[in-house]
Amino acid sequence: MDAVFKALADATRRRLLDSLNTRGGQSLRELCAESGMTRQAVAKHLAVLEAAGLVTTAWHGREKLHHLNAAPINEITERWISRYDRERVRALADLKTSLEDRLMSRPEFVYVTYIRTTPEQLWQALTDPVFTKRYWGVEFGTDWSAGAPMTWREGGFETTDPEQVVLVSEPYRRLSYTWHTFTPEWAEYAGKSADALAALAAEPRSKVTFELEPTGATVKLTVTHDGFDPDSAVLPDVSNGWPHVIASLKSLLESGEPL
């Protein structure tokens, strides 16, 4: 948390966060052009933001792209905003809101957090329906092998579709699967109108990927949800939903109770 406060204390780094908030997935070259700073100066500031967990990176071909990561802002909010005068930390609260509500020019959602657990326990929490039901309210029916079909159980109904499948399954390291099918039953459960359902169902099927990386006594969890249209109606929903799901998962593994 000290590293996060230190990173946010610098005006230049806050401007870089603002830039990534406006347009996520920028390369170092793009950030230099927008800020007017030298490549060395921008790289130095990005290193501080990455060390604090406020920025995460992903390679697209030969290009390293930078994304905002809302997890540290969430943790500051939970630790401080509920305890002290909101006016004193309004800047942090506004930043948290803007991070979680962002729509990126490269339409994808990226979230990084660190959980005090083991890769084996985290893998079980991501795949075992006993766990997923507790922190997410969703149960999966699948054998978790690559290419296997998936059944989603949520709200008392099941969703199946030939395109609901496991894409990658590398136990304790990487898991990826396609997103669920938008059905009338799901829409009723989620409170979506017929027009909203039609817009969601018209989009190509997206996918979510979990990457697990041991880091000492914790596991670094990177969640990437991509495959969206540029003006996706699904992306805002998953961008607002994933932070709560991941925070609840983290709470369950670290304290024994979900949010």
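Where is the place of tryptophan 144? Tryptophan 144 sits in the loop between strand S5 (138-141) and S6. Helices (H or I, at least four residues) and strands (E, at least two) are DSSP runs, numbered from the N terminus.

## Basis of the model

This is a predicted model, in which local features need pLDDT of at least 70 and side-chain atom pairs count only at pLDDT 80 or more, while totals for chains, interfaces and linings use all residues. Residues are numbered from 1 along each chain as its sequence is written, and side-chain values use heavy atoms, with hydrogens and water left out.

The protein chain has an average pLDDT of 86 (the predictor's confidence in each residue, from 0 to 100). A score of at least 70 is reached by 87% of the residues. Over residues 101-105 pLDDT stays under 50. For that stretch the model has 14 contacts beyond four places in sequence (contact means heavy atoms within 4.5 Å).

Tryptophan 144 has a phi near 65°, a positive value in a residue other than glycine. Its relative accessibility is 12%, so tryptophan 144 counts as buried. Buried means under 20% relative accessible area, exposed over 50%, and partly exposed in between (1.4 Å probe, protein chains only).

Tyrosine 172 is also a residue other than glycine with a positive phi, here near 70°. Tyrosine 172 lies in the loop between strand S8 (166-170) and S9. Tyrosine 172 counts as partly exposed because its relative accessibility is 39%.

Threonine 12 belongs to helix H2 (residues 11-22). With a relative accessible area of 16%, threonine 12 is buried. Leaving aside neighbours within four places in sequence, threonine 12 is in contact with Met37 and His45.

Helix H3 (residues 28-35) has Leu28, Glu30, Leu31 and Cys32 buried. An α-helix has 3.6 residues a turn, so residues three or four places apart point the same way. The cover over the buried residues of H3 includes H2, strand S1 (26-27), helix H4 (39-51) and strand S3 (63-68). After H3 comes glycine 36, with a positive phi near 80°.

## The largest pocket

The largest pocket holds about 560 Å³ of space. On a 1 Å grid over the protein atoms alone, a cavity is a set of points where a 1.4 Å probe fits but cannot get out, and a pocket is an open set with protein on both sides within 12 Å along at least five of seven lines; lining residues have an atom within 4 Å of a point. Grid points are joined across faces, edges and corners, and a volume is the space filled by probe spheres set on the points.

In the largest pocket 26 residues form the lining, and Thr57, Ala58, Glu211, Thr222 and Thr224 lie nearest the centre. Elements giving two or more residues to this lining are strands S2 (55-60), S4 (109-115), S9 (174-178), S10 (207-215) and S11 (218-226). S2 gives the largest share, 6 residues. By type, the lining of the largest pocket has 8 nonpolar, 9 polar and 9 charged residues. Ala, Val, Leu, Ile, Met, Phe, Trp, Tyr, Cys and Pro count as nonpolar, Asp, Glu, Lys and Arg as charged, and the others, Gly among them, as polar.

## The second largest pocket

About 370 Å³ of space lies in the second largest pocket. Its lining has 18 residues, with Trp136, Glu154, Trp179, Asp237 and Gly241 closest to the centre. Strand S6 (151-154), helix H9 (184-190) and helix H11 (234-255) each give two or more residues to this lining. The largest share, 6 residues, is from H11. The lining of the second largest pocket divides into 12 nonpolar, 3 polar and 3 charged residues.
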